[in-house]
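Hi,

Here is the structure I promised to pass on. Have a look at it, then read my notes below.

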Amino acid sequence: MSELTRVAFIESMIRNVPDFPKPGIQFKDITPMLADPKAFMTCLDLFAERWAGEGLDAVVGIESRGFIFGAALAARMSVSFVPARKPGKLPAATERVEYALEYGTDALEMHVDALRAGDRVVVIDDLIATGGTAAATVELCRRLGAEVIGAGFVIELAALGGRDAIADVPTLSLLTY
């Protein structure tokens, strides 16, 4: 199956939910894709093919749906999985990066020993919108000495400009709306 055919298959499994979580939002629901083993595996195949042969050391998954894709991809590629979590969720010493939201700030943390200097990593999440969480995760990885060789997203909401927040990172979005 060609890459375009595989991407179209994944897209056919995304449910559009109008007016969720508020009027005017067209929510892209990935749960039907996750419920279909072939669709989920196809998604992982596309990510794995992109970074095969790149000397990857770890996949960093962004809380929370990035854990679904990141952990499965890391296992598939026989590399470490590292979670980037909301504050207060990790039990040992952490590095923290705050990032701006529309009205306020949030933060992400990683264990200080999660990555080693020189590790080659890919950041994974289900969706990139404004890019705040992706940029914070990239910064966390770099603070720990890792080289971010790419970022992958199942869905990109292009009008929100998230890709610009990580413009120096090669980015793969399987679906763009």
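There are zero disulfides in the structure, a disulfide being a pair of cysteine sulfur atoms within 2.5 Å. Cysteine 43 is in no disulfide, and the nearest cysteine sulfur, in cysteine 141, is 19 Å away, so that is too far for a bond. Cysteine 43 is buried, with 0% relative accessibility, and cysteine 141 is buried at 0% too (buried means under 20% relative accessible area, using a 1.4 Å probe and protein chains only).

A quick word on the background: this is a predicted model, where local features need pLDDT of at least 70, side-chain atom pairs count only at pLDDT 80 or more, and totals for chains, interfaces and linings use all residues. Residues are numbered from 1 along each chain as its sequence is written, and side-chain values use heavy atoms, leaving out hydrogens and water.

Now the helices (DSSP runs of H or I, at least four residues, numbered from the N terminus). The axes of α1 (residues 3–12) and α3 (residues 37–51) come within 9 Å and cross at roughly 135°; axes are lines fitted to C-alpha atoms over the stretch in contact, with angles from 0 to 180 degrees between N-to-C directions.

Which residues make the contact? On α1 they are Glu3, Arg6, Val7, Phe9 and Ile10, and on α3 they include Cys43 and Leu46 (contact means heavy atoms within 4.5 Å).

Cheers

Notes:
Helix = DSSP H or I, 4+ residues; strand = E, 2+ residues; numbered from the N terminus. Buried < 20%, exposed > 50% of the residue type's maximum accessible area, 1.4 Å probe, protein only.
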